Amino acid sequence: MAPQREWLEKDYYAVLGVSKDASADEIKKAYRKLARENHPDAHPDDADSERRFKEIGEAYAVLGDEKQRREYDELRRLGASGFGTRGGPDGGAAFTDAGLGDLLNSMFDGGFSTGTRTTGRRARRGADLAADVHLTFEDALAGVRTTLRVTGDGECGTCHGSGSRPGSRPETCPVCNGRGQVTLDQGPFSFAQPCQHCGGRGRVVTDPCPTCNGQGRVVKPRQLTVRVPAGVRDGAVIRVPGRGGPGTGGGPPGDVLVTVHVAPHPWFGRKGDDVTLEVPIALHEAALGTRITVPTPSGGTRTIKIPAGTTSGRTFRVRGQGAPRKTSGFGDLLVTVRIDVPTGLSRREKELLGELAELDRRAADRRAALVHEPQAS
């Protein structure tokens, strides 16, 4: 986006109510709060709220984009300092043109001039496309290569992106002379805007391609092979560079952003790079101790020693049996035991538990007697 005149006139930080050194999260939080408060649905037929809502969106469109925020800050800083000013006729500051065109054009990729220089047609990057991939828990841990179907803008196969019928060629735009931009003089500055006649392309299609109707691109599905790294988490976004929509004016294509969806597993869960597992054990196993065999995410098994007197909810760690880490190695398998309280007991089982309860009661009585019995002198 080329810098607009409004950038010199509007304080977008004040619009969002944040400081100039606010973080990206603070800017986003302020925008969401103000957008909710001033949304037209919450204030029907309120022109002031609608105007305010548009201002908030305009401010966030600039400050919420890291590159545009840097350009906005630099433009306002230079504007405040006068771009290397000299004294004006009224004793104030007047702008000088020396070197300013080169400075601003290098800052904004040719979208700005000082009246002494015009700019060429800008190359624009293609749009990013979105896609989704659905994985099993095991595939997310192991990593896979999968083929996706992506639908979006692509180069027209008939005209190969020119927009003209095969055998003909686009003509140079007579309004902008092929630059793709027209210049508006605003005092000491000249602001470049896309040419309305050619849509910023610098060329006019006089004999349009019958397939794309002169656009040079068509919406079409295509297949895309994506490598999903081992250990990927649910909700992660994988960027596939250069496979998005085609650029214009010689600009590069966009990317494809693939959102990963991992199906839940009936046994395992994730906690960072660790894999979690809950295992039931019997009451006597917790009391007397035992050894249990548990499955691992890789398809194997491990044996864990459960010491006598283990309480429900205790977690045991099996090293190196978790998810792959980004750097190297693996996380762990965290096995949490839950005591399975028996139900539907037989008469004999009830008798045995009753005897155990009686033993526990007698032991408790002896402990109480020790506490209350007078100490021997």
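Predicted model: local features only at pLDDT ≥ 70, side-chain atom pairs only at ≥ 80, totals over all residues.
**Close-up 1. Helices α3 and α4 packed side by side.** Helix α3 covers residues 24–38 and helix α4 covers residues 47–63. Their axes sit 9 Å apart, at an angle of about 165°. Angles over 145 degrees count as roughly antiparallel, so that's the label for α3 and α4. The crossing of α3 past α4 is left-handed. On the α3 side, the contact is made by Ile27, Lys28, Tyr31, Leu34, Ala35 and Asn38. Facing them from α4 are Ser49, Arg52, Phe53, Ile56, Gly57, Tyr60 and Leu63. Sorted by class, this contact comes out as eight nonpolar, three polar and two charged residues.

**Close-up 2. Threonine 296 in its loop.** Threonine 296 has a relative accessible area of 4%. Buried means under 20%, so threonine 296 is buried. Set aside the neighbours within four places in sequence, and threonine 296 is in contact with Phe268, Thr301, Arg302, Gln321 and Leu333.

**Close-up 3. An open sheet of three strands.** The strand order here is β4-β12-β11, and the pairing is mixed. At the edges are β4 (129–135) and β11 (237–240), each pairing on one side only. From one strand to the next, the twist averages 25°. Strands β4 and β12 (residues 256–262) run parallel and are joined by seven bridges. Look for a pair of histidines too: histidine 134 stands opposite histidine 261 in β12. As a reminder, strands of a sheet pair through backbone hydrogen bonds, either parallel or antiparallel.

Notes
Residues numbered from 1 in each chain as written. Heavy atoms only, no water. Axes fitted to C-alpha atoms, helices over the stretch in contact; angles between N-to-C directions. Helix = DSSP H or I, 4+ residues; strand = E, 2+ residues; numbered from the N terminus. Parallel < 35°, antiparallel > 145°, perpendicular 65-115°, else oblique. Left-handed = near helix turned anticlockwise from the far one by under 90°. Contact = heavy atoms within 4.5 Å. Nonpolar A, V, L, I, M, F, W, Y, C, P; charged D, E, K, R; others polar. Buried < 20%, exposed > 50% of the residue type's maximum accessible area, 1.4 Å probe, protein only. Pairing = 2+ DSSP bridges.
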